[in-house]
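This briefing concerns a predicted model and is arranged by topic. Please view the sequence and structure below before reading the points that follow.

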Amino acid sequence: MAKREIPEINAGSMADIAFLLLIFFLVTTTMDKDQAYIRSIPKKIEVKNDPVEVQKRDILAIKANSQNQLMVRGEVFNDPDKISDFVLKFYQTNQKAAGQLVMNDFPLYSVITTSQIEDNIDKILDEIDAMEAAGSPQDQIDFKYNQLAEWEKKQRALKLYGGSQLPEISFQANMRIEVMQATAYSIFAKIQTEIEEAIYELRDKEAQRLWGVSYGTLKRKEANENDKTKVKEEKGKLELLEILYPARIIEVTPKN
Amino acid sequence: MSKFKKEGKKSTPGVNTSSLPDIVFMLLFFFMVATTSKENDPTVQVEQPTGTRAMDLTPFKQRSEVDFLYLGKPRNPARAEAFKMGYALSLDNVVQPTPDGLYNTNAVGQWKKDKFDQKPARMTSPIELVITCVKADKGAPTGLIFDIRKELQNINALTIAYAVRDNSNI
């Protein structure tokens with residue numbers, strides 16, 4: 001039997017098909033990324049407690065009114081790029097004088113030592129044992145476990161930081177964004193940008209000093225690394241930076 | 001007598017197009033990889049403010065862990081007059097009615113709850129961590145954003161994202 005030749009498929013229209021697909025993808029997709037500042041909303045509380053008193057020096061209030069004018073700590077100004085300078089000053093003024101009482105208007109720094117951390121962990125562990133034995137409600141025990149996790153985080157951070165003491169900003173130090181109903185979103189976003197910018201700068205400087213890498217590199221490594229032990233390492237570094245420069249942002253609901 | 005014989009009219013050979021599909025496919029794959037699918041065009045016009053050091057939401061989007069809210073001026077000029085504030089909220093292309101001429105954000109809670117219920121079962125994040133991204137226009141009043149925030153707080157969806165356009169690292 002004679003071999004029959006298989007006719008070749010005409011691929012001339014392949015390009016047309018590919019073009020069609022290409023154009024379809026060009027039309028239905030977009031290049032621009034969705035970028036945003038992620039913030040958490042405080043949980044709704046059922047029981048109203050008296051508000052905790054916060055010292056004035058621990059508050060960095062960034063205000064904007066309905067005319068989009070800005071005010072930080074009583075100083076009125078128009079250039080929004082200045083906000084990050086205020087944030088930097090807020091964090092850095094007393095940082096060198098950790099553990100001392102300084103008479104100025106900026107949050108104090110305290111030092112935590114290895115023995116302090118160990119004492120606290122022991123104390124909380126004892127408390128948990130006692131509570132479990134007494135059959136306390138689960139949420140109270142959970143609260144203690146959270147505290148324990150917090151101290152263990154500090155322990156890890158201090159080990160990474162080196163030395164025997166870790167400078168820590170006053171636990172009440174916070175930045176609050178106080179806007180009005182009619183304040184433009186661009187101003188609100190600008191305030192967020194400036195805070196983010198300042199925190200990034202602080203953490204970046206510390207990362208450069210400690211490990212000679214930038215904060216951005218650390219974050220990228222943490223997100224893209226597959227090796228589990230390495231991820232843990234990077235995570236520990238980021239945790240340390242977060243303890244040194246915590247970003248506590250309060251967004252105050254506008255009343256008028 | 002010349003050595004080189006002049007021939008008659010020479011016809012130019014056709015360009016070989018057999019590699020054209022390859023080129024086009026290459027382009028196609030580039031665009032498939034480099035872009036993300038478009039959300040449906042919102043019915044409100046949003047011009048985002050610029051910012052830096054913002055977080056890239058693409059990984060969250062790929063895990064469908066983010067819902068988008070649009071806050072801007074209605075595109076349809078006839079409708080724009082109905083909004084006294086000039087701004088409307090667009091949830092999945094439904095522009096929210098504004099009965100008293102003011103904005104109405106009551107629908108946000110229900111919308112977010114529905115969205116969460118529709119999410120695939122493989123997504124294990126609790127509702128607290130599911131991001132709601134607010135894409136607001138430059139001039140949108142911040143009061144509106146706080147209203148949205150309050151609605152989200154009521155249903156315990158506690159992660160919000162304020163969208164900006166980040167031009168620093170493109």
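The model is predicted: local features need pLDDT of at least 70, side-chain atom pairs count only at pLDDT 80 or more, and totals for chains, interfaces and linings use all residues. Residues are numbered from 1 along each chain as its sequence is written, chains are lettered from A and ligands numbered from 1 in the order written, and side-chain values use heavy atoms, without hydrogens and water.

**Salt bridges within a chain**

- Lys190(A) and Glu194(A) are 4 residues apart in helix H5 (residues 185–211) of chain A, so about one helical turn separates them; helices (H or I, at least four residues) and strands (E, at least two) are DSSP runs numbered from the N terminus.
- Lys190(A) is partly exposed because its relative accessibility is 21%, whereas Glu194(A), at 5%, is buried; buried means under 20% relative accessible area, exposed over 50% and partly exposed in between (1.4 Å probe, protein chains only).
- In chain B, Asp67(B) pairs with Lys119(B) in a salt bridge whose closest N and O atoms are 2.9 Å apart.
- Asp67(B) belongs to strand E4 (residues 66–74) and Lys119(B) to the loop between helix H4 (107–118) and E7 of chain B, so the pair ties together parts 52 residues apart in sequence.
- Asp67(B) and Lys119(B) are both buried.
- Shared partners link Asp81(A), Lys190(A) and Glu194(A) into one network of salt bridges.
- Over all chains, the structure holds 16 salt bridges.

**Extent of the interface**

- Chain B contributes 59 residues and chain A 45 residues to the contact, which is defined by heavy atoms within 4.5 Å.
- About 4600 Å² is buried between the two chains, and carbon and sulfur atoms give 62% of this area; buried area is the accessible area (1.4 Å probe) that two parts lose on being put together, summed over both.
- On the side of chain B, Arg53(B), Phe146(B) and Tyr162(B) lose the most area to chain A, together 16% of what that side buries.

**Salt bridges across the interface**

- The interface of chain B and chain A has 3 salt bridges.
- One salt bridge joins Glu197(A) to Arg53(B) at 3.5 Å, N to O.
- Asp34(A) and Lys135(B) also form a salt bridge, their closest N and O atoms being 2.6 Å apart.
- Asp34(A) lies in the loop between strand E1 (29–30) and E2 of chain A and Lys135(B) in strand E7 of chain B, so this pair joins two chains.
- Asp34(A) is buried at 8% relative accessibility, and Lys135(B) is buried at 11%.

**Strand pairing**

- E2 (residues 35–40) of chain A runs antiparallel to E3(B), with 2 bridges between them; strands pair if DSSP finds at least two bridges.
- E2(A) is also antiparallel to E8(B), through 6 bridges, and Gln35(A) has Val164(B) as its bridge partner there.
- E7(B) and E8(B) run parallel and are joined by 4 bridges, with Cys133(B) opposite Ala161(B).
- Since 6 of the 6 residues of E8(B) are buried, this strand is largely enclosed by the rest of the structure.

Definitions and conventions: A salt bridge is a side-chain nitrogen of Lys or Arg within 4 Å of a carboxyl oxygen of Asp or Glu.
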